[in-house]
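I opened this notebook to record what I looked up in one protein structure. The entries follow the order in which I consulted the model.

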Amino acid sequence: MNQVQQHEPGRSGTHPADKPVPEPKQRSLSSEVWDWAKTIVIAFVIMMLLNLFVFNLSMVKGQSMQPTLYEKERLFIDKIVYDFKSPSRGEIVVLRDPSDGPDKKEFLVKRVIGIPGDMVEVKDHKLYVNGQMQVEPYTEVEIQDPDFGPLKLDKDHYFVMGDNRHAGASKDSRSFGSVTAKAIVGRAEFIFWPVSQIKGL
């Protein structure tokens, strides 16, 4: 008797597992390099845009903010915070140097002492704002420079000073006057370098 081999519908004589599996296509070195190059360029553009509009990294130059900040410490600067609020007393800000002369710098780091409408005065080597003597735990000596003011701050004007109160140690609003909000670039948020000095401001 002849034997008839029966096949179930939809099945072949060869099991799928027996089919050869194609190996993954190897990418060329040039493709890998191109992908890495695109990633680096995109990351660079994003960082440049963030640095231009959102934040900045700044290095302290000089001694005018001692003992709070020391020369060559690196700061993280928030550049958009003042798009949503006005500077407040006690905040450390980066501003464009409004002074003239050979010692003019591109930027200065100072502390906001007075805001629009305030009356600022240095009397008997002590700082007064609106007639109230200020307690300044961030300083280490009383103000050694000559007394100043009183000065009434106009609308949109701010009085800034360095934390270093030794004689002649800080070029600030006592010499170049009050500054406008437009001159203030951003707020210093924290020290990020050196690692041993990382802290918020």
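The entries below go from the whole chain to single residues.

**Entry 1: the chain as a whole**

I noted before anything else that this is a predicted model. I then looked up the secondary structure and found two helices and twelve strands in the protein chain. Along the sequence I read the pattern α-β-β-β-β-β-β-β-β-β-α-β-β-β. I recorded that 32% of the 201 residues count as buried. For the accessible surface I wrote down about 13,700 Å², with 57% of this area belonging to carbon and sulfur atoms. I also looked at contacts between residues at least 6 apart in sequence, and 58% of these join residues at least 24 apart.

**Entry 2: the nonpolar core**

Which residues make up the largest nonpolar core? I listed twelve: Val81, Tyr82, Val93, Leu95, Leu108, Val112, Tyr158, Val160, Phe176, Val179, Ala183 and Ile184. Strands S3 (92–96), S4 (107–114) and S9 (157–161) each supply at least two residues of this core.

**Entry 3: Ser173**

I located Ser173 in helix H2, which covers residues 173–176. Is Ser173 buried or exposed? Ser173 counts as buried because its relative accessibility is 1%, and the cut-off for buried is under 20%. A polar atom of the Ser173 side chain lies 2.9 Å from the backbone nitrogen of Val160. Val160 is itself one of the core residues. With residues up to four places away in sequence left out, Ser173 touches Phe148, Tyr158, Phe159, Val160 and Ser178.

**Entry 4: Gln134**

I found Gln134 in the loop between strand S7 (132–133) and strand S8 (148–152). Gln134 counts as partly exposed, because its relative accessibility is 29%. Its side chain reaches the backbone oxygen of Gln132 at 2.8 Å. Not counting residues up to four places away in sequence, Gln134 touches Leu127 and Val129. I also noted a distance of 9.5 Å between the C-alpha atoms of Gln134 and Ile113, which are 21 residues apart along the chain.

**Entry 5: the loop between S11 and S12**

I then turned to the loop between strand S11 (184–193) and strand S12 (199–200), where Val195 is found. Val195 counts as exposed because its relative accessibility is 54%. Trp193, Val195 and Ile198 make a nonpolar surface patch of about 320 Å². Pro194 also has its place in this loop, and the peptide bond from Trp193 to Pro194 is cis, with omega near 0°.

**Entry 6: backbone details in other loops**

I recorded a cis peptide bond from Gln66 to Pro67, with omega near 10°. Pro67 is placed in the loop between strand S1 (55–59) and strand S2 (74–78).

I next looked up positive phi values in residues other than glycine. Asp124 has phi near 55° and lies in the loop between strand S5 (119–123) and strand S6 (126–129). Asp124 counts as exposed, because its relative accessibility is 53%. For Asp156, phi is near 70°, and this residue is in the loop between S8 and S9. Asp156 counts as partly exposed because its relative accessibility is 38%.

Notes: Residues numbered from 1 in each chain as written. Predicted model: local features only at pLDDT ≥ 70, side-chain atom pairs only at ≥ 80, totals over all residues. Heavy atoms only, no water. Core = buried A, V, L, I, M, F, W, Y, C linked by side-chain atoms within 4.5 Å. Buried < 20%, exposed > 50% of the residue type's maximum accessible area, 1.4 Å probe, protein only. Helix = DSSP H or I, 4+ residues; strand = E, 2+ residues; numbered from the N terminus. Patch = residues over 30% accessible without salt bridge, like charges linked within 9 Å, V, L, I, M, F, W, Y side chains within 5 Å. Areas by Shrake-Rupley, 256 points an atom, 1.4 Å probe, with all protein chains shown as cover. Salt bridge = Lys/Arg side-chain N within 4 Å of Asp/Glu carboxyl O. Contact = heavy atoms within 4.5 Å. Polar contact = N/O pair within 3.5 Å; in protein donor to acceptor, adjacent residues only side chain to side chain.
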